Amino acid sequence: MVLCPTLIHGQIDPSNRPNFIIIFADDLGYGDLSSYGNPSINTPHLDRMAHEGQKWTNFYAGASVCTPSRAALLTGRLPVRSGMSSNIHRVLFPDSKNGLPTNEITLAEQLKKAGYASACIGKWHLGHKAQYLPTNNGFDSYFGIPYSNDMDYIGHGDYKELVQQNLKALKTEDYNVPLLRNTEIIERPANQNNITKRYNEAAVAYIKEHKDKPFFLYLAHNLPHIPLFASEHFLGSSKRGLYGDVVEEIDNGVGQILKTLKEEGLSANTVVIFTSDNGPWLPFKTHSGSAGPLKAGKGTTWEGGMREPAIFWGPGLIEPGMVSELGSTMDLFTTFSAMAGVGLPKDRIIDGKDLSETLFHHKPSPRNSILYYRGPELYAVRVGDYKAHFITQGEYGQFGEREVHDPPMLYNVNQDISENFNIAAEHPEIIAQIKKLVEDHKSDLVKGKDQLAERE
Ligand code: MG
């Protein structure tokens, strides 16, 4: 049983490598947890996790929609490099031909080099064919729905109108999504009424079964992506309505996981992070989440599309406190590789930074910039406090048509979190600095072949 932290002189003890758990929500917004200001969703377990660990306030998903965001998380690379972003289809669909290219290295493959066991539970969305599934991408096992829970729709009526006019009409049977164990379909349509519950139980069981060797658990909930489903115990539990019920069930699972880690003596040797793949899907009214003070949501390169809650927990490892430094889901690849003592691949560009020093000692983050891609195109860049929008475009009928800005619009996103006050005219020197960064970035950028475009 591990009783003491594995930091020796402020560094990881190589003989006692930590376990890693990534809990990834789907379409959960920056303002959807009580610890991030939500007044009517009650998330006591995540709030405690934030209190005992680090709450990051400038942490970003790798893209503003599911597939590229997940590719970024698991490869530590901008999805434009792997071809997992597209302006033809923004995500993979049940009839998509391709998936994550086999020459990409996932975090699971990376940690396997150090002998980690690994499991993927939940939404995958990096290709549903056997060769693209988690078990062919470094994970020892997979249990989950391989893409979004609103796909394979076999219900009647216009989907969006149904959602907007009669929210209660949505039934789990209307979505013929498969539930897989490894590469086999074990249930179809997956019963989504209790899917979050089942994912949470599977995560707890996995931890108990793997307490004796280093493990990496990737728990990617299908929810709170619409259509929303919660198990019976949680229906009606939240003042926020069904969306709140769903988030509270996810929160409850976080509580079960942390409790299990404590009971199994693993809490001093496990790093847990909770975050989300992209911002709220706003057109779905009360069935969508909230980006809090941030502008817009899913699909856009405004802050609401990509800035996410991010809570790191690991008593004895993670130094508690609030962190307003920059971070990205891509950094998990690099950070966890470093903590596990695995060198980074040398034959490719890795965009992730090692956040260990910030996590262990509250040192400044090595990340100073965020690149906001929409599909394969760079729309905006943040350097330090400042964010320049070269192109803006709303999504799903909100927040305007595509617009090119020359000079770019400039916002100080720490002082003006809602991106209301364009200060480009006052800071030509900052725009010049950001343009130089864009030039450097593009000078060695090789865009991967679009993996999302082809469908059967
Ligand atoms: Mg999503």
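**Reading the terms against the model**

Student: In the hairpin of S14 and S15, which residue takes a positive phi, and how many residues lie between the strands?

Tutor: Gly384 takes a positive phi near 60°, and two residues lie between the strands of this hairpin. Before we go on, this is a predicted model, where local features need pLDDT of at least 70, side-chain atom pairs count only at pLDDT 80 or more, and totals for chains, interfaces and linings use all residues. Residues are numbered from 1 along each chain as its sequence is written, and side-chain values use heavy atoms, leaving out hydrogens and water.

Student: Why are S14 and S15 said to pair?

Tutor: Two strands pair if DSSP finds at least two bridges between them. Strand S14 (residues 377–383) and S15 have four bridges, in the antiparallel sense, so they pass that test.

Student: How many residues of strand S15 are buried?

Tutor: Seven of the seven residues in S15 (386–392) are buried. Buried means under 20% relative accessible area, exposed over 50%, and partly exposed in between, with a 1.4 Å probe and protein chains only.

Student: Is Gly144 buried or exposed, then?

Tutor: Gly144 has a relative accessible area of 0%, which is under 20%, so it is called buried. Gly144 sits in strand S6 (residues 141–144). Leaving out residues up to four places away in sequence, Gly144 touches Gly122, Pro178, Leu179, Leu180 and Tyr199; contact means heavy atoms within 4.5 Å.

Student: Why is one side of strand S8 and of strand S12 left without a neighbour in the sheet?

Tutor: Start with the strand order of this open, mixed sheet of ten: S8-S7-S6-S5-S9-S3-S10-S11-S4-S12. S8 (184–187) and S12 (321–328) stand at the edges with a single partner strand each, so one side of each has no neighbour in the sheet. For S12, strand S4 (residues 54–60) is joined to it in parallel by six bridges, and Lys55 stands opposite Met322.

Student: Which strands does helix H7 touch as it packs on the sheet?

Tutor: H7 (residues 242–263) touches S3, S9, S10 and S11, and its direction makes about 175° with that of S10. Axes are lines fitted to C-alpha atoms, for helices over the stretch in contact, and angles between N-to-C directions run from 0 to 180 degrees.

Student: What makes a set of residues a nonpolar core?

Tutor: The members are buried Ala, Val, Leu, Ile, Met, Phe, Trp, Tyr and Cys residues, joined through side-chain atoms within 4.5 Å. The largest one here has 55 residues, and Ile21, Met49, Phe215, Leu217, Ile257, Leu261 and Phe274 touch the most other members. H7 gives the largest share of this core, eight residues.

Student: How do you know that domain 1 and domain 2 bury area between them?

Tutor: Buried area is the accessible area (1.4 Å probe) that two parts lose on being put together, summed over both. Here about 2400 Å² is buried, and carbon and sulfur atoms give 57% of that. The bounds, 17–367 for domain 1 and 371–443 for domain 2, come from the domain assignment, which is an automatic or database one.
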